[in-house]
Amino acid sequence: MSQASGPLLAVDGVSVRFGALVALNRVSLEIRRGEVLAIIGPNGAGKTTLLNVVSGFYHPYEGRILYEGKDRTWLRPYDVAALGIARTFQNVALFKGMTVLDNVMTGRVLKMGGSFLQDVLYWGPAKRQEIEHRAFVERIIDFLEIQAIRKTPAGRLPYGLQKRVELARALAAEPTLLLLDEPMAGMNVEEKEDMCRFVLDVNAEFGTTIALIEHDMSVVMDISDRVVALDYGRKIADGPPAAVRKDQAVIDAYLGVAHDSTGGGLDGPLRNLPQGVAAAKPPLERR
Amino acid sequence: MIYREAGQFKTTYAADQAIFPVVQDRWVVVAAVVAAAVAVPLVATEYWLQAVLIPLLIYSLAAIGLNLLTGYAGQLSLGTGGFMAVGAYAAFKITTAFPAVNILVVFLLAGIVAAAVGLVFGIPSLRIKGFYLAVATLAAQFFLIWLFNRVAWFSNYAPSGTITAPPRTVFGVMVTGPDASAGARYLMALGFVVLFAVLAKNLVRGRIGRSWMAIRDRDIAAEIIGIRPLRTKLLAFGISSFYCGVAGAELVFLYYGSAETFAFDIALSFLVLFMVIIGGLGSILGSFLGAAFIMVVPIFLANAPHMLGVAMSTALQKQIELMIFGGLIIFFLIVEPHGLARLWQITKEKLRLWPFPH
Amino acid sequence: MILDVLHAILVAPFKDMVGAPGFLAEVLIGGVASGLMYSLVALGFVLIFKASGVFNFAQGALVLFAALTLVGLMERGVPTIVALGLTAGVMVVLALAIERVVLRPLVNQEHIILFMATIGLNFFLEGFGEMLWGANVKKLDVGIPQGSFKLGEILVNQLELTAALTAAVLVTVLAVFFHGTRIGRALRAVADDHEAALSIGIPLKTIWVIVWAVSGIVALVAGIMWGANSGVQFSLSLIALKALPVLILGGFESVPGAIVGGLIIGVGEKMGEVYWGPLVGGAIENWFAYVLALVFLLFRPQGLFGEKIIERV
């Protein structure tokens, strides 16, 4: 199986436990190169735990994680990052004491080699490298339209901007696989549109494979190629968005009981909510 | 209005990332350093040099060291006194064993020894965090002091464990020992602290400083981004101990002349920690401000009652000193946890507009 | 040569122990006693940490201040019982002041900031106490029986026995308080999350005053024991530093842990000093406790009784 043909990331029968609590129960899924995969599920389903185990922050009780065909189950988080996997966090883990610029520059740490002596003298190669990385980071800042706040300490930003800075920091690492944990949480419609646009741009322009945890169904329907649904630590559905939204197991998981008979799926109870992105506007164009 | 940045546009990233991006800052600091190097030795009295300026420079260096570890890398350390002792005793042993080696080199070597010891005591920091780490550093502090007390080899079998700085010269000028002039010692301390302050600033504005601050702010996220925690923390311990080691050597060689282990006990660790907290955690300038502040208060207390015509015993003085230090720590933590450095920054911001209200 | 060293470290001390069991018993009892003294101080820490999440570095200064006040009052002719009551009152007032001036303004800051504030408080109280009552060593006599008696072959010190009994009583009372009463539960909620506790209506300020006052009383008891043992002096506040390894072993939040940790440190220190100390020139009591704690932390960062720390991202 050559690297190019197989999935980028394969999670194979992974279980994660915290004492007696089983957070993930024999979950298997694939993330294919170049796709946008959405991970959905009610709260407590284990979605963040899944990302954490891929990041190397937790290690599974059983099962394997294969990246580009090779077993990567027991790597430490910094080695996982070195593979080209970057992520954002559910509760925004920015470095509050540093400016936005420094936060994003930190994202680039794996690309910065250099010797200690040169760093101390800030001379020659160290200085040149710092400038080069700064230039790259500025391009990302332009891309995400956060120029105005680049010198603001990250702790002082409103939530929506913090999320965007976190995305910038993840992008600074030039990742092959980008894991986003609820990147649009707490955002209004316009902010969500912007974020969707950024996510799709990153996928289209840089070819980055993206897996995102998301609760907003309209976003999921719009931008994802495939959807995986989790519930109580188990995978309950896996397939194209249209199929998953009609999947009975998924509906039950979210709604608990039988839905009404007006065509079923997630259109039912949600049709009375303010018409969001999905209903009011056509799906965002993919280039 | 006086402190105007208007019209200063940065056209290159290099300019933006300079140590002093605002031109006025640069001129003021350069002028201050030149004045310190040239004017002060000519003008200052022996008392001022000996009792105030030299210890100020030495404590500033130690404060920078602790600030790198605790302020930037977020690793709370109560072992500063111990690491300074390592530097002092290492310098003593090296220079008494190899008298021909230049004292400047001796200080650097002593720093390296202190760095190595710091690395060893920093290893637990991977598993241990926060207060627990502070207690682990206490182990370093008490153990090291006991070691220098017990093992007579360290003080070359001197009767009371005292180490005395032997006379040494640099470029023909006597800088240590009883014949060294206060001016010479002052210049040496000044040279070291300016050099190391610049190096420290280079470190913290680059990738190493960012890694430290990342570990300080969110160590888990930092690890997931790719920063290796053990390496980063050990580097902080090593460099910080280097600075403290050199400061410790300076303390004996350039200030006290001779000292016992008592000079490096837990009280010194707290003193330097106070300097760093009051001056500002995570600020090189703050290290200087904090050291200056801590030096000024006892002098003020010693002289103010005189000037006010009130008699105060030394014991009472010491007690009020403790109360003022303690009270000020609490005050700063409430009002401005980022210390004098932040207050200074705010003042500069106000100066940009002064005399206009907004 | 190496064999000699190994023999001296691993074999000879144990032979000494077995060879003189009466002496061993005395050393053990001495260790238990000093361990319990440490525990008394550590209890104060645990109370405050358990109830407010604050690591009170000033606990030693509280012990010193309580002892100084008590002795100061007694020296001025105040009868013992009255002096005890007055000192208890002073500690309550002090708790109120600390809450108002130090804790309330820092309510939502990170723990490390609060910790540093207590370092400042520590120094303030030391200076203040000395200023009020003078810096010379004082003798403290509250009527606790001094002297010793023999139990079979073993010499038992009455003061240490009293300290042990007091500690036992205190621990039981506090354990019941925390787990059996409503206030105890509220305290535990506050320790977990100040803001959350506030939001469900727990009166934070009152709770903190209660906790610091109780801790002050515990400090008073500790101060009495230590003061009667070795006189009331400045170095009493350094005892607090010794309590830190106790807390590490026992966990910061466990009342029984403070006792167990204290015992381990007390016994370990004494035994280490008596049986291994001579090998390296003595005085290893200065650092033994800390190194023991350090080694312990490497294997079990949360202490004996602490909860395993599960980090979340």
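Colleague: What makes the span of helix α11 of chain B close to the one expected?

Modeller: Helix α11(B), residues 266-279, has 14 residues and reaches 20 Å from its first C-alpha to its last. The expected span is 1.5 Å times one less than the number of residues, and for α11(B) the expected value is 20 Å. The model is a predicted one, in which local features need pLDDT of at least 70 and side-chain atom pairs count only at pLDDT 80 or more, while totals for chains, interfaces and linings use all residues. Residues are numbered from 1 along each chain as its sequence is written, with chains lettered from A and ligands numbered from 1 in the order in which they are written.

Colleague: How do you know that α11(B) is a helix, and why is it called largely enclosed?

Modeller: Helices are DSSP runs of H or I with at least four residues, strands are runs of E with at least two, and both are numbered from the N terminus. A residue is buried if 20 or more other C-beta atoms, placed from the backbone, lie within 10 Å of its own C-beta, exposed if 12 or fewer do, and partly exposed in between. Ten of the 14 residues of α11(B) are buried, so the rest of the structure largely encloses this helix. Among them are B:Leu268, B:Val272, B:Phe274 and B:Ile278. B:Gly280, which follows α11(B), has a positive phi near 130°.

Colleague: Why is α5(B) called oblique to α10(B)?

Modeller: Helix α5(B), residues 103-122, packs against helix α10(B), residues 229-256, at an angle of about 140°, with the axes 7 Å apart. Axes are lines fitted to C-alpha atoms, for helices over the stretch in contact, and angles between N-to-C directions run from 0 to 180 degrees. Angles under 35 degrees count as roughly parallel, over 145 as roughly antiparallel, 65 to 115 as roughly perpendicular and the rest as oblique. The pair therefore counts as oblique.

Colleague: Which residues meet between α5(B) and α10(B)?

Modeller: Two residues are in contact if their C-beta atoms, placed from the backbone, lie within 7 Å. The α5(B) side includes B:Phe107, B:Ile112 and B:Phe121, and the α10(B) side includes B:Leu234, B:Phe237 and B:Cys244.

Colleague: What makes α8(B) roughly perpendicular to α10(B)?

Modeller: The axis of α8(B), residues 207-217, comes within 10 Å of that of α10(B), and the two cross at roughly 110°. On that angle, α8(B) is classed as roughly perpendicular to α10(B). B:Ile208, B:Ser211, B:Trp212 and B:Ile215 in α8(B) meet residues of α10(B) including B:Pro229 and B:Leu235.

Colleague: Which helix gives the largest share of the side of chain B that touches chain C?

Modeller: In all, 32 residues of chain B are in contact with 39 residues of chain C. The largest share of that side of chain B, 13 residues, comes from α13(B).

Colleague: Why is A:Ile40 called buried?

Modeller: A:Ile40, in strand β3(A), has 27 other C-beta atoms within 10 Å and is therefore buried. Its C-alpha is 6.0 Å from that of A:Ile213, 173 residues away in sequence.

Colleague: What makes β6 and β10 of chain A edge strands?

Modeller: Two strands pair if DSSP finds at least two bridges between them. The open sheet has six strands in the order β6-β7-β8-β3-β9-β10 (chain A), with mixed pairing. β6(A) and β10(A) each have a single partner strand, so one side of each is left without a neighbour in the sheet. Three bridges join β6(A) to β7(A), and these strands run parallel.
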